[in-house]
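Here's a quick briefing to read with the structure open beside you. It starts with the annotated sites, then moves on to the ligand and the backbone.

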Amino acid sequence: FAIYAPYIKAINALKKERNAVILGHNYMTPEIFHGVSDFVGDSLQLAMKASDVEADVIVQAGVHFMAETSKILSPEKTVLMPDMAAGCSLAESITADGIEEMRAKYPGAPVVSYVNTTAEVKAASDICCTSSNAVQIVNAMESDTVIMTPDQYLAQNVANEADKNVVYWPGSCIVHEQYTAKDLRDFREWNPGTRLIAHPECPPDVVAEADFSGSTSGIIKYVTDEKPKKAMLITECSMASNISDSLPEVDFVGPCNMCPYMKKITLEKILYVLHTMEGQVEVDAKVAEKARHSVQAMIDLSK
Ligand code: 13P
Ligand code: SF4
């Protein structure tokens, strides 16, 4: 950590000067997660924090759709994105036209869109969800058939738990789609006693093979409460790095996958945007108003 100390010191001083807060996603590297973030969490927790945090500036240490969500919920605040190219394979997989296509295919069915979408897609949807509340949101819809976009695997995992007929868009997360059920079975055979913990963006047969599935914060809570001797986190690599120091009794084993988008965010870029105030995220006012409705409806149902 010593090598990062000058950046961490400079960022924390600039935060005070600008009355800024840094919202850090659980997939940030440890020096960002522990060194400069004021709040860390999963997508839902960060959205909720963005809606009520007291600050003039939010620096989104995460990917672009998260910064858009913060701007939608706090339009009066300046929202800074350290790297505009920090996208998401799910957000890139669908446009507002795709939502209309699904509505035409399943007339009358409500559209539940994952927060991993652009503001335009949120605006075209009825309500949003995250991996931590998706089953609850889908079950709360009045219709028997519910359209979920854009993550086919999250939708299939939700369908296994919800009381609805879930139809979905064929998007996927490049980090979680790489895991296979065979990987998990082989790993279990070679490393008996390992607790396998998967994110619900993994394919359903991977989730079925795992001992637990949950959002990034759900995973952290599970490992913190259960303290298994050995755990394999079937998700992004920074998760284990961020919690391993506070859980010395847990041996984090096995391979993990990096999200190339999340890893675009660095201390250097955070310092740069705080210094220059470049990287401001804007959302068209009309789009933002409709998108806010979808995000707020999700937050209200999640409280
Ligand atoms: P959660 O933090 O909501 O589980 O989302 C994971 C993810 O992939 C965000 O991009
Ligand atoms: Fe998108 Fe997957 Fe990266 Fe999350 S981990 S930002 S869902 S590509």
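UniProt, in an unreviewed entry, puts the feature "binding site" at His25, Ser43, Tyr114, Val115, Asn116, Ser131, His199, Pro200, Glu201 and Thr216. Those positions follow the numbering used here, feature names are shortened, and annotations may be inferred rather than shown by experiment. Keep in mind that this is a predicted model, where local features need pLDDT of at least 70, side-chain atom pairs count only at pLDDT 80 or more, and totals for chains, interfaces and linings use all residues. Residues are numbered from 1 along each chain as its sequence is written, while chains are lettered from A and ligands numbered from 1 in the order in which they are written.

**Around the ligand**

- Ligand 1 has 13 residues around it, and Asp42, Ser43, Ser131, Ser215 and Thr216 come nearest (a residue is near if its C-beta atom, placed from the backbone, lies within 6 Å).
- The shell splits into 3 nonpolar, 8 polar and 2 charged residues, where Ala, Val, Leu, Ile, Met, Phe, Trp, Tyr, Cys and Pro count as nonpolar, Asp, Glu, Lys and Arg as charged, and the others, Gly among them, as polar.

**Two of the annotated residues**

- Tyr114 sits in strand β5 (residues 111–114); helices (H or I, at least four residues) and strands (E, at least two) are DSSP runs, numbered from the N terminus.
- Tyr114 is buried because 29 other C-beta atoms lie within 10 Å (20 or more means buried, 12 or fewer exposed, in between partly exposed, with C-beta atoms placed from the backbone).
- Beyond its neighbours within four places in sequence, Tyr114 is in contact with Leu90, Cys129, Thr149, Pro150, Asp151 and Leu154 (contact means C-beta atoms, placed from the backbone, within 7 Å).
- Ser131 is in the loop between β6 (127–129) and α7 (134–140), and counts as buried with 26 C-beta neighbours inside 10 Å.
- Leaving out residues up to four places away in sequence, Ser131 touches Leu154, His199, Pro200, Glu201 and Ser215.

- Most residues other than glycine have a negative phi, and most peptide bonds are trans.
- The peptide bond from Thr149 to Pro150 is cis, with omega near -10°, and Pro150 is in the loop between β7 (145–149) and α8 (152–159).
- Lys227 has a positive phi near 45° and lies in the loop between α11 (216–226) and β11 (230–234).
- Met277 also isn't a glycine, yet its phi is positive at about 60°; Met277 is in the loop between α13 (267–276) and α14 (285–302).

Conventions:
Contact = placed C-beta atoms within 7 Å.
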